[in-house]
Amino acid sequence: MQKIISRLVLPMLLTCSSFSFAAVCNKTISNTALGQLTVPAGATCTLNMAAVEGSINVQQGANLILNNTAVSGAIQASAARSLKLVNSSIEGDVNAAQGAAQISLDKAMISGNLYCSSSKLRSSMSSIEGKVVGKCQ
């Protein structure tokens, strides 16, 4: 019986350690793998050396700061207060078309498109492989 349990449980434990999880972020999270991520309205989320295996939804008035972070999905930031991407990569689109106040890119790479309207865009040594759509100033 113990052999059966150890044969079933051990592989499950090893497999579970590589899973990412969906999360709500209103603080600093470091050295973590996440699935879908939501930054609630008015909150500030800082990800340091993290991996997001999915998309990030930044709600109204919220702030998202990515430091040395890789996102395999998109960032949806309609009516967010600010987005700051430092030494980070986004495989999908970044959509701040509903008036994110400030977008800051510092050594960041966006593989998809950047959508913005009346947003203040500050970019330093960054790359946007897709199109910049809208009124990024």
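**A look into the core**

Guide: The largest nonpolar core here holds 31 residues, and those with the most contacts inside it are Leu47, Ile56, Val58, Leu64, Leu66, Ile75 and Leu83. Such a core is a set of buried Ala, Val, Leu, Ile, Met, Phe, Trp, Tyr and Cys residues joined through side-chain atoms within 4.5 Å. Several strands give two or more residues to this core: S3 (33-39), S4 (44-48), S6 (56-58), S7 (63-67), S10 (82-86), S12 (94-96), S13 (102-106) and S15 (114-124). The largest share, three residues, comes from S3. Helices (H or I, at least four residues) and strands (E, at least two) are DSSP runs, numbered from the N terminus.

Before we go further, a word on what you are looking at. This is a predicted model, in which local features need pLDDT of at least 70 and side-chain atom pairs count only at pLDDT 80 or more, while totals for chains, interfaces and linings use all residues. Residues are numbered from 1 along each chain as its sequence is written, and side-chain values use heavy atoms, with hydrogens and water left out. As for pLDDT, it is the predictor's confidence in each residue, from 0 to 100. The protein averages a pLDDT of 84, and 82% of the residues score at least 70. Over residues 1-18, pLDDT stays under 50, and the model has two contacts beyond four places in sequence for that stretch. Contact means heavy atoms within 4.5 Å.

Now let us start with Leu47. Not counting residues up to four places away in sequence, Leu47 touches Cys25, Ile29, Leu34, Leu37, Val52, Ile65, Leu66, Asn67 and Thr69. One of these, Ile29, has Leu47 as its bridge partner in S4. Strand S2 (residues 28-30) and S4 run parallel and are joined by three bridges; two strands pair if DSSP finds at least two bridges between them. S4 also runs parallel to S7, with five bridges joining them. In that pairing, Thr44 has Asn63 in S7 as its bridge partner.

Buried means under 20% relative accessible area, exposed over 50%, and partly exposed in between (1.4 Å probe, protein chains only). Leaving aside neighbours within four places in sequence, Leu64 is in contact with Val39, Cys45, Ile56, Val58, Ile75, Ser82, Leu83 and Lys84. Leu64 and Lys27 are 37 residues apart in sequence, and their C-alpha atoms are 10.0 Å apart in space.

At 10% relative accessibility, Asn63 counts as buried. The side chain of Asn63 makes a polar contact with the side chain of Ser82 (2.7 Å). A polar contact is a pair of N or O atoms within 3.5 Å; within protein, one must be able to donate a hydrogen and the other to accept it, and residues adjacent in sequence count only if both atoms are side-chain atoms. Beyond four places in sequence, Asn63 touches Val39, Ala43, Thr44, Cys45, Val58, Arg81 and Ser82.

Ser104 is buried, with a relative accessible area of 5%, and the side chain of Ser104 makes a polar contact with the side chain of Arg122 at 2.8 Å. Not counting residues up to four places away in sequence, Ser104 touches Leu83, Lys84, Leu85 and Arg122. Leu83 is also among the core residues with the most contacts.

Next, two loops. Most residues other than glycine have a negative phi. Met49 has a positive phi of about 50° although it is not a glycine. Met49 belongs to the loop between S4 and strand S5 (51-52) and is exposed, with a relative accessible area of 54%. Ala79, also not a glycine, has a positive phi of about 65°. Ala79 is in the loop between strand S9 (75-76) and S10, and is partly exposed at a relative accessible area of 28%.

Finally, step back to the whole protein. One helix and 17 strands make it up, and of its 137 residues, 34% count as buried.
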